Amino acid sequence: MDICRSACSGLVLGLSIGLISGCGSEGLDSRLDAYAGSRAADCNVETVQLVHSIEDQRNAAGLLDSASTWAYVLEEGEEAVFSRAWLSDHSTRSIDIQYFIFSMDNVGLIALDYLIRAADRGVQVRMIVDDIMLDVALEDVAALNAHPNIEIRIYNPTEGKNAVQKVVNVARDFQGFNQRMHNKTFVVDGQIAITGGRNIADEYFDYDQEYNFRDRDVLLIGAGAEAIAASFDAFWDHPLAQPIDGPVEAERAAALYDQIGAYACDPENFWPEIRALIDGIPDAIPHILASGRLHELEDFRFVSDAPGKNSSGDFSGGGASTDALLATVQGARESVVIQSPYLVLTELGLGLFRDAVKRGVDVTILTNSLCSTDNLEAFNGYQRIRDDLIAAGVQVYEYRPDAAIRKQLITAEKQKRAGYVPVFGLHAKSMVVDHRTVVIGTFNLDPRSANLNTECVAIMESAPMASQVEALMLEELAPENAWHTTGDWNPDGEAGRWKRFQCWLRGIVPTSIL
């Protein structure tokens, strides 16, 4: 796993150090040198012939009501990457992408190839990425942006011509610097959208060899996708989303596109049989309809924070996503089942769950253990409130790094061949309330999501969909998948002395920015 990314995602307080050390500034040349040359000569990828457009497939599947939303939950990493690839290949008008992390690792480079090939067909590609997690040189971003059908904007860039100036500007506006864009959306032709916990990087799609995330997205068709598209436009048009400036030599840009294409066509990076699986699904929408897991929702809301989140002047203030989730839990009458990788609660959050238990609501939360977490700062914050949460009557479970269910959820052939060696950590941000309301989004149960980062959540009403999602969430509480933490015992000791010491050191970090 990229240690630089882990540190940055865990604690933005340390980003000033990252700015000096050059975290996120490596050029693509070093990664793609072996693929210099003609893309056409090195790679024989045929342009997709669209027998049926996305709109045609939607009509063929009978999804005709423009006011309705249909939802399909993406539990498995490989299915999630296949879905994005297939949609990119079958887009005809537009692809709008918004991510906190778009890494230039294996998955990221292959994703770029799909986007470039879509743009070559005339599809208009727009991309917003957060400045703080940009792990590639701006010169390469500018070269990608130079494509006539690709436009990239950087969210909340840190001003300054060099690292020292950037650190000075961070110190002058520490709250503004900490307000990051954590939204994750992928919208195709304004008709289909994917949102949820996954960023674009190997570990979110089961392709990392050291650490993989157990995550969850939802694919939405219809009115719900249109709502996400409107949210994207709000960010795109906001002053915090800055366009890329500066001219780029056409030859340099073309050479970069060729190298990315050649990389994606190297069978060592993207197995031909995987590409064949994607190409072999000519009619994806009727396919998922036939699976019985495409649910027409009784009600749908997409709640996104406004760019900039709030103007409270300190590390508080909440936002639309915070208010929506508070109201959802406050309205619970029977049960609340939650998965959150980070569990750092203020007194407001503890009181929320304490009150729910007093109303007779069964509250169950699965979070990472010290063994499975990728974020020691957040875990230290969780340790501070763990006993209070359990005393409030909440059933708390902590994910095992060797959860047996990973063999069911990690379908990637690469991991099967490796024997599922990588650590498996929770990254899904989901909730099921009263067996009928499903929440899937980007919101972690911590002060950073509540008050600083922009977040987005899909709030969906469907008893069949809730039953499907909740059944898997409860299966993940089994002893072979998670430890049941009580007031008398927790699994911290399973992590070893060195990791416990590292976590203890994080006690100096204020809870308000975790």
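Tutor: Leaving out residues up to four places away in sequence, Ile 244 touches Val 141, Ala 142, Asn 145, Ile 152 and Ile 154. This is a predicted model, and the contacts are computed from its atoms. Ile 244 sits in the loop between β9 (241–243) and α12 (250–264). Its relative accessibility is 18%, and because the cut-off for buried is under 20%, Ile 244 counts as buried. One of the residues it touches, Ala 142, is 102 residues away along the chain, yet the C-alpha atoms of Ile 244 and Ala 142 are separated by 6.2 Å.

Next, the nonpolar cores. The largest one has 74 residues, and Leu 87, Phe 102, Leu 219 and Ile 221 touch the most other members. Helix α7 (residues 106–120) gives the most to this core, namely nine residues. Leu 87, with neighbours within four places in sequence set aside, is in contact with Ile 54, Phe 186, Val 188, Ile 192, Ile 194 and Leu 219. Another core lies apart from this one; it has 35 residues, including Val 329, Leu 345, Leu 352 and Ile 365.

Then there is the sheet. Eight strands form an open sheet with mixed pairing, in the order β11-β18-β17-β16-β12-β13-β14-β19. At the edges stand β11 (299–304) and β19 (482–485); each has a single partner strand, so one side of each is left without a neighbour in the sheet. From one strand to the next, the twist averages 15 degrees. Within the sheet, strand β13 (residues 362–368) pairs with strand β14 (residues 395–399) in the parallel sense, over five bridges. Thr 364 stands opposite Gln 395 in β14. Helix α21 (residues 463–475) lies across β12 (335–339), β16 (430–433), β17 (437–441) and β18 (456–461), and runs at about 60 degrees to β12.

Last, a helix pair. Helix α17 (residues 376–391) packs with helix α22 (residues 497–505) at an angle of about 80 degrees, their axes being 8 Å apart. That angle makes α17 roughly perpendicular to α22. On the α17 side, Leu 376, Phe 379, Asn 380 and Gln 383 take part, and they meet Lys 499, Gln 502, Cys 503 and Trp 504 in α22. By type, the residues of this contact divide into four nonpolar, three polar and one charged.

Terms used. Residues are numbered from 1 along each chain as its sequence is written. This is a predicted model: local features need pLDDT of at least 70, side-chain atom pairs count only at pLDDT 80 or more; totals for chains, interfaces and linings use all residues. Side-chain values use heavy atoms; hydrogens and water are left out. Axes are lines fitted to C-alpha atoms, for helices over the stretch in contact, and angles run from 0 to 180 degrees between N-to-C directions. Helices (H or I, at least four residues) and strands (E, at least two) are DSSP runs, numbered from the N terminus. Angles under 35 degrees count as roughly parallel, over 145 as roughly antiparallel, 65 to 115 as roughly perpendicular and the rest as oblique. Contact means heavy atoms within 4.5 Å. Ala, Val, Leu, Ile, Met, Phe, Trp, Tyr, Cys and Pro count as nonpolar, Asp, Glu, Lys and Arg as charged, and the others, Gly among them, as polar. A nonpolar core is a set of buried Ala, Val, Leu, Ile, Met, Phe, Trp, Tyr and Cys residues joined through side-chain atoms within 4.5 Å. Buried means under 20% relative accessible area, exposed over 50%, partly exposed in between (1.4 Å probe, protein chains only). Two strands pair if DSSP finds at least two bridges between them.
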